[in-house]
Each structure stands twice: as C-alpha cells, then as structure tokens.
Amino acid sequence: EWTPDIFAESTIANLKQQLGNDKVVLGLSGGVDSSVAAVLINKAIGENLHCIFVDNGLLRKNEFESVLDSYKGMGLNVKGVDAKDQFYKALEGLTDPEDKRKAIGRVFIEVFDQEAHKIQDVKWLGQGTIYPDVIESVSVKGPSATIKSHHNVGGLPEKMNLKVVEPLNTLFKDEVRNVGRSLDIDPNILGRHPFPGPGLGIRILGDITPEKVAILQEVDYIFINGLKERGLYDDVWQAGAMLLPVQSVGVMGDERTYERVVALRAVTSVDGMTADWVNLPYDFLQDVSNDIINKVKGVNRVVYDISSKPPATIEWE
Ligand code: XMP
C-alpha cells in the first residue's frame, strides 16, 4: 500500500544509503516540487544538502524574502543569491519569447554553477523532477517542445559533472503535495499556484526593464492578494497578469492619459496541458480593476482573458 508517510520514510532511508556523506546541491524555486525534494534530502543528510535560491529579478512581489524566510524556518541550509542585475543585463533589448527564455535559462545556469563551485566536493545535483516531467522530457521532441522550451535547466548536471538525485520522479503532483503535508511543510508553499521558471519575464510582452517588472509586480500582487482575500485562490489552478506592449487613452480628472494595458488571466486545469478560463465574479473583477488603476502608476486599463487552452496557451508568450 502507498501512503505519503510510508513513501517519505522509505525515501529518506534510501537517500541515506545512496548519499552517505556526499554533498548535494539543489536549486529551490519557491514551488512545491523543489521544496518537497529539499526537505526529503535534508531529512536524510542534514547540512550536507546545500540549497540555492536565486533571485532572477522576475519573481512576484516580496517573493524572494518571504520564501527565503519560510525555507529557513523549515531548517533548510539555504543560500539566497541576488542576481537581478545579471538577468536584467542579459535580457536588455530582447523581445522574442524564446530568446528571453534562453537568456534566463543561461544566466540561471551561470549563477547556479558559480554558487555550486563555492561548495567543496559536491557530488550530486538534487532536483524536484516529478513523474510527468520525466514523461515530458522523453517525448520532448514532439510539437510542444518547439512551441515552448519549458525546461530551463537542461544540461546542468552534465556541465557540472554531477550525479542526479530525484526523489520525486515517480510521483504525480497531488502525491507530492500529500508527501509535503506528511512532512509538515508550510501549507502556503504546498498550495501555491504553479509559476513558470522565467517568471514575470514571459508575462512582460516585449522587452524587459526593471521599471516594467516593478509595475507588473504591483498589478500581480493586487490580483493574487484579491483572490486570496475573497477565498478564490484555491479554486484557481494558476493566475497572473500580463503587461502588454500597448498603450491606450484614458482620462484622469481633466487630463488625458496614455498609459499601459494589463491583462489578467486565471485558469482551471489538471496538468497545464489543457485549461479553462475561470468565471470570476464580476464584482471581484471590478474591485481588482479599480484597485489596479488607482494604485499602479502607469496603468490605465485592465482586461480579462477569456480564452481557453487550446487554442490559446496559459501564458501569452
Ligand atoms: P502554456 O503557456 O504552455 O503553459 O499553456 C503551461 C504551463 O507551463 C508553464 N510554463 C512554463 N514553465 N518554464 C516553466 O518552468 C517556461 O518557460 C514555461 N512556459 C510556460 C505555464 O506557467 C503553465 O503552468
């Protein structure tokens, strides 16, 4: 019989055997998978697990600080690395979505590699790969791979000459959450919506600047916080905002404005392969829209995305 407790217990025992006194380095993302993988490995080898959490400058508002705090609270040996400037510099002037993804992936590997080299004698790379990722990378030559290169860290273990340890690679997402619960991981981490590796970088259509990131972080924060306050967050599989490369005319007092448009998106899904837009209450959308336009300087129009996948994708890039 499979239970989360039995899985956790036997996995920790196996990891102890497999890893002995070896050191492991693992990149945390703030998401469910990497967090659960880290806690399992940490329970097996303690301080020999070195976690790295990179601020790529494309995270949600306050995310870096708050997630880092909760990791430390979980007893993980984690180093936060502020690499915002490196990412912004590499992204300067890039507008093509795939070019942006590649640049973000490349800088991530550079930063991670550099940090990992500061740890003496690392033998293993820990990863939160889950079963659907394994399937996807086997069939990754299919059409979806050419639509979007979802995995940003391919090639990392070879480059670093590390063996890979992936304690979750037989599990589905809901099983990972259950294992996380049995390990007492913060429900805020376990219940989080998925968030793409390139983060807000693929939600700012066109080129990325720190100013645009700051605008989108505020918009996204108002929307996500609103979902939480209205008790809607857990009914939604994923939500976020897109900063469009479009300006529109508005009025503010007696003044004509010519400012940015943002699109809100919320979907239900099982695995991200198909998705339906969520019929959010009109009065909620109205409140969020007012809040955004009143509070976020530079935005004068909010639209809601009512496209399902397929044929639209969840992200706009
Ligand atoms: P799409 O936009 O293809 O997204 O419908 C499906 C799911 O994948 C996420 N996504 C990504 N995740 N790197 C990631 O780690 C990426 O480049 C990437 N692009 C899309 C998206 O957020 C959704 O959950």
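Guide: A residue counts as buried if 20 or more other C-beta atoms lie within 10 Å of its own. It is exposed if that number is 12 or fewer, and partly exposed in between. Keep in mind that this is a predicted model.

Visitor: Why is Val213 called buried?

Guide: Count the neighbours. Val213 has 24 other C-beta atoms within 10 Å. The cut-off is 20 or more. The count of 24 passes it, so Val213 is buried.

Visitor: Where does Val213 lie, and which residues does Val213 touch?

Guide: Val213 sits in helix H11, which covers residues 210–229. Leaving out residues up to four places away in sequence, Val213 touches Gly57, Leu58, Leu200, Ile204 and Ile208. Phe195 is 18 residues from Val213 in sequence, and their C-alpha atoms are 15 Å apart in space.

Visitor: What makes Asp184 exposed?

Guide: Asp184 has 9 other C-beta atoms within 10 Å. Exposed means 12 or fewer. Asp184 is found in the loop between H9 and helix H10, residues 187–190. Gly199 is 15 residues away from Asp184 in sequence, with 27 Å between the two C-alpha atoms.

Visitor: Why point out the phi of Asp184?

Guide: Most residues other than glycine have a negative phi. Asp184 is not a glycine, yet its phi is near 65 degrees, a positive value. Asp121 is another residue with a positive phi, about 55 degrees, although it is not a glycine.

Visitor: How do you know that Asp121 is exposed?

Guide: Same test as before. Asp121 has 7 other C-beta atoms within 10 Å. That falls under the limit of 12 or fewer, so Asp121 is exposed. Asp121 is found in the loop between helix H5 (97–117) and strand S4 (122–126).

Visitor: Why is Glu9 called partly exposed?

Guide: Glu9 has 13 C-beta neighbours inside 10 Å. Glu9 is found in helix H1. Val107 is 98 residues from Glu9 along the chain, and 36 Å separate their C-alpha atoms.

Visitor: What makes H1 roughly perpendicular to H9?

Guide: Helix H1 (residues 4–19) and helix H9 (residues 173–182) pack at an angle of about 75 degrees. Roughly perpendicular runs from 65 to 115 degrees. The angle falls in that range, so H1 is roughly perpendicular to H9. The two axes are 8 Å apart.

Visitor: Which residues make the contact of H1 with H9?

Guide: From H1 come Pro4, Asp5, Phe7 and Ala8. From H9 come Asn178, Val179, Arg181 and Ser182. These residues divide into four nonpolar, two polar and two charged.

Visitor: How many helices and strands does the protein chain have?

Guide: The protein chain has twelve helices and nine strands.

Visitor: How is the protein chain divided into domains?

Guide: Domain 1 covers 4–190, and domain 2 covers 203–304. Their centres, taken over C-alpha atoms, are separated by 28 Å. Eleven residues of domain 1 are in contact with ten residues of domain 2. On the domain 1 side, the touching residues are five nonpolar, three polar and three charged.

Visitor: Which peptide bond leads from Lys309 to Pro310, cis or trans?

Guide: The bond from Lys309 to Pro310 is cis, with omega near -15 degrees. The bond from Pro310 to Pro311 is cis, with omega near 10 degrees. Pro310 lies in the segment after strand S9 (299–304). Pro311 also lies in the segment after S9.

How values were computed:
Residues are numbered from 1 along each chain as its sequence is written. This is a predicted model: local features need pLDDT of at least 70, side-chain atom pairs count only at pLDDT 80 or more; totals for chains, interfaces and linings use all residues. Helices (H or I, at least four residues) and strands (E, at least two) are DSSP runs, numbered from the N terminus. Two residues are in contact if their C-beta atoms, placed from the backbone, lie within 7 Å. Domain bounds come from an automatic or database domain assignment. Ala, Val, Leu, Ile, Met, Phe, Trp, Tyr, Cys and Pro count as nonpolar, Asp, Glu, Lys and Arg as charged, and the others, Gly among them, as polar. Axes are lines fitted to C-alpha atoms, for helices over the stretch in contact, and angles run from 0 to 180 degrees between N-to-C directions. Angles under 35 degrees count as roughly parallel, over 145 as roughly antiparallel, 65 to 115 as roughly perpendicular and the rest as oblique.
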